[in-house]
Amino acid sequence: ALEAEKIAAAKAAAEAEAKRLELEAQLADARREIAKRDTLLAARKETERKLTSEAKALLAALDAAVAQSADMHAKLTIIAVEETEKRAMAVDFEKSAEAAVDGFDAKIAAAAAQLKTAH
């Protein structure tokens, strides 16, 4: 009976050792999976950080471009108004000059007529 108990105890010990080794292997697998997951999460976090940084830089560049474009539009609007005013002044000058020349022509014609009648 003692021998049977020893055999049963050795068998139970062997089964327990096999179960322990199996659990250790499962624990090692789980630790490897956790390490992989942690590596992937760290890489994802770094990628998201970089993408966020790039997106912020792009938004800043777009904001600067919009501001520059608005400034350029305002300057072009001022130039267009000034150009319109210059053209209106040129038209007014042309009309005044034409009237003055017409006036001179009339005075010269009258003076010529007076000279002709005087001689």
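User: Which residues make the nonpolar surface patch of about 300 Å²?
Analyst: This is a predicted model: local features need pLDDT of at least 70, side-chain atom pairs count only at pLDDT 80 or more, and totals for chains, interfaces and linings use all residues. Patch members have over 30% relative accessible area and no salt bridge; nonpolar side chains (Val, Leu, Ile, Met, Phe, Trp, Tyr) are joined within 5 Å, like charges within 9 Å. Areas are Shrake-Rupley values with a 1.4 Å probe, and for residues only the protein chains shown count as cover. The patch of about 300 Å² is made by Met72, Leu76 and Ile79.

User: Is Ile79 buried, partly exposed or exposed?
Analyst: Ile79 lies in helix H1. Buried means under 20% relative accessible area, exposed over 50%, and partly exposed in between (1.4 Å probe, protein chains only). Ile79 has a relative accessible area of 48%, so the label is partly exposed.

User: How many helices and strands are there in the protein?
Analyst: Residues are numbered from 1 along each chain as its sequence is written, and side-chain values use heavy atoms, without hydrogens or water. Helices (H or I, at least four residues) and strands (E, at least two) are DSSP runs, numbered from the N terminus. Helix H1 covers residues 2-118. The protein has one helix and zero strands.

User: What radius of gyration does the protein have?
Analyst: The C-alpha atoms fill a box of roughly 170 × 15 × 10 Å along the principal axes. The radius is taken over C-alpha atoms, and the globule rule is 2.2 Å times the number of residues to the power 0.38. A compact globule of 119 residues would come out near 14 Å, but this protein has 50 Å.

User: How far apart in space are Ala1 and Leu58, C-alpha to C-alpha?
Analyst: Ala1 sits in the segment before H1. Ala1 is exposed, because its relative accessibility is 83%. Between Ala1 and Leu58 there are 57 residues of separation in sequence, and in space 84 Å.

User: What distance separates the C-alpha atoms of Glu54 and Lys19?
Analyst: Glu54 is in helix H1. With 49% relative accessibility, Glu54 is partly exposed. Glu54 and Lys19 are 35 residues apart along the chain, and their C-alpha atoms are separated by 52 Å.

User: How far apart in space are Glu82 and Ala28?
Analyst: Glu82 belongs to helix H1. Its relative accessibility is 41%, so Glu82 counts as partly exposed. Glu82 and Ala28 are 54 residues apart in sequence; C-alpha to C-alpha, they are apart by 80 Å.

User: What percentage of the residues in the protein is buried?
Analyst: The accessible surface comes to about 10,600 Å². Carbon and sulfur atoms own 66% of that surface. Among the 119 residues, the buried share is 0%.

User: How many salt bridges are counted?
Analyst: Side chains of opposite charge can pair when their charged atoms come close. A salt bridge is a side-chain nitrogen of Lys or Arg within 4 Å of a carboxyl oxygen of Asp or Glu. One example joins Arg32 and Asp29 at 2.1 Å, N to O. By this rule, the count is eight.

User: Why are Arg32 and Asp29 about one helical turn apart?
Analyst: Asp29 is partly exposed, with a relative accessible area of 39%. Both Arg32 and Asp29 sit in helix H1, and they are about one turn apart because their spacing is three residues.

User: Which residues form the negative surface patch?
Analyst: Glu98, one of its members, is in helix H1. Glu98 is partly exposed, at 47% relative accessibility. The patch is formed by Glu94, Glu98, Asp102 and Asp105.

User: How far apart do the centres of the positive and negative side chains lie?
Analyst: Lys and Arg count as positive and Asp and Glu as negative, without His and the chain ends. Each charge is placed at NZ of Lys, CZ of Arg, CG of Asp or CD of Glu. The protein has 19 positive and 22 negative side chains, and the centres of the two sets are apart by 5 Å.
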